[in-house]
Amino acid sequence: MSDLRDLYQEVILDHNRRPPNWGSIDAPDRAADGYNPLCGDKLRLTLRMDGDRIDDVKFEGSGCAISKASASMMTDLVKGKTMDEAEDLVDKLQAMVTAPMDVPAEDAALGKLAVLSGVREFPARVKCATLAWHTLRSAHEGKPIASTE
C-alpha cells in the first residue's frame with residue numbers, strides 16, 4: 001500500500017508543480033470563479049466551447065497542492081467532452097471523495113483521478129479536491145460570456 005500511496009502523492013505533486021492547462025483563455029465562452037473559504041483556495045476557470053463540447057479549458061489561481069492538482073487533472077479530463085459528460089464526471093468524483101474508506105476508489109471513468117480518493121481520510125480536504133469541479137459546474141450553469149465583436 002505504501003508504494004501506491006507514494007505513486008498517488010507523486011501524481012498530485014507533479015500536477016501541482018507543472019499543471020499543463022495553467023493560464024486563461026483569451027475571450028472565453030464561459031468562466032467562473034471558485035473559492036474555498038475554509039482554506040483560502042481560489043481559482044478562475046475559463047472555457048472555450050464548440051457547441052456543447054469543451055474545446056479548451058484553463059485555470060489559474062492559488063491554493064493547496066490538492067486543489068491545484070485536482071484542477072489540473074480535471075482540465076485534462078474534460079477537454080473534448082460534452083458538458084453533460086463533464087457533469088457526470090463531477091458527480092462521480094464527488095461520490096468517490098465522499099464515499100466511506102472501505103469502498104474501492106477504482107472507477108475506469110475517473111482514471112488517474114483515483115489518486116484523489118485519499119482525501120476521504122481527511123474530510124476537510126474534500127472541498128480542496130472538489131473546488132475546480134464545482135467551479136466547472138458553475139461555469140456550465142452560468143450565462144455564456146457575451147462576445148464583444
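# Helix H3 and its partners

Buried residues of helix H3 pack against strand E2 (41–50), strand E3 (53–62), helix H2 (65–78) and helix H4 (126–141). The model here is predicted.

Me: Let's start with Glu87. Is Glu87 buried or exposed?
Reply: Glu87 sits in helix H3, which covers residues 83–98. The cut-off for a buried residue is under 20% relative accessible area. Glu87 has 15% relative accessibility, so Glu87 counts as buried.

Me: Which residue meets Glu87 in a salt bridge?
Reply: Setting aside neighbours within four places in sequence, Glu87 is in contact with Arg137 and His140. A salt bridge needs a side-chain nitrogen of Lys or Arg, within 4 Å of a carboxyl oxygen of Asp or Glu. At 2.6 Å, N to O, the side chain that meets Glu87 in this way belongs to Arg137.

Me: What span is expected for H3 at 1.5 Å a residue?
Reply: H3 has 16 residues. The expected span takes 1.5 Å times one less than that number of residues. From first C-alpha to last, H3 reaches 23 Å, which is close to the expected 22 Å.

Me: Now for the strands that H3 packs against. Which residue in the turn between E2 and E3 has a positive phi?
Reply: E2 and E3 run antiparallel and are joined by 9 bridges. Asp50 stands opposite Arg53 in E3. The two strands form a hairpin with 2 residues between them, and the turn residue with a positive phi, about 70 degrees, is Gly51.

Me: Which strand holds Asp33, the salt-bridge partner of Arg44?
Reply: The side chains of Asp33 and Arg44 meet at 2.9 Å, N to O. Arg44 lies in strand E2, so the pair ties together parts that are 11 residues apart in sequence. Asp33 is exposed at 55% relative accessibility, whereas Arg44 is partly exposed at 33%. The strand that holds Asp33 is E1.

Me: Which residues are linked with Arg48 in a network of salt bridges?
Reply: One of the salt bridges joins Arg48 and Asp55, at 3.8 Å, N to O. Arg48 is partly exposed at 31% relative accessibility, and Asp55 is partly exposed at 44%. In the network, Arg48 is linked with Asp55, Asp56 and Lys79.

Conventions: Residues numbered from 1 in each chain as written. Predicted model: local features only at pLDDT ≥ 70, side-chain atom pairs only at ≥ 80, totals over all residues. Heavy atoms only, no water. Helix = DSSP H or I, 4+ residues; strand = E, 2+ residues; numbered from the N terminus. Buried < 20%, exposed > 50% of the residue type's maximum accessible area, 1.4 Å probe, protein only. Contact = heavy atoms within 4.5 Å. Pairing = 2+ DSSP bridges.
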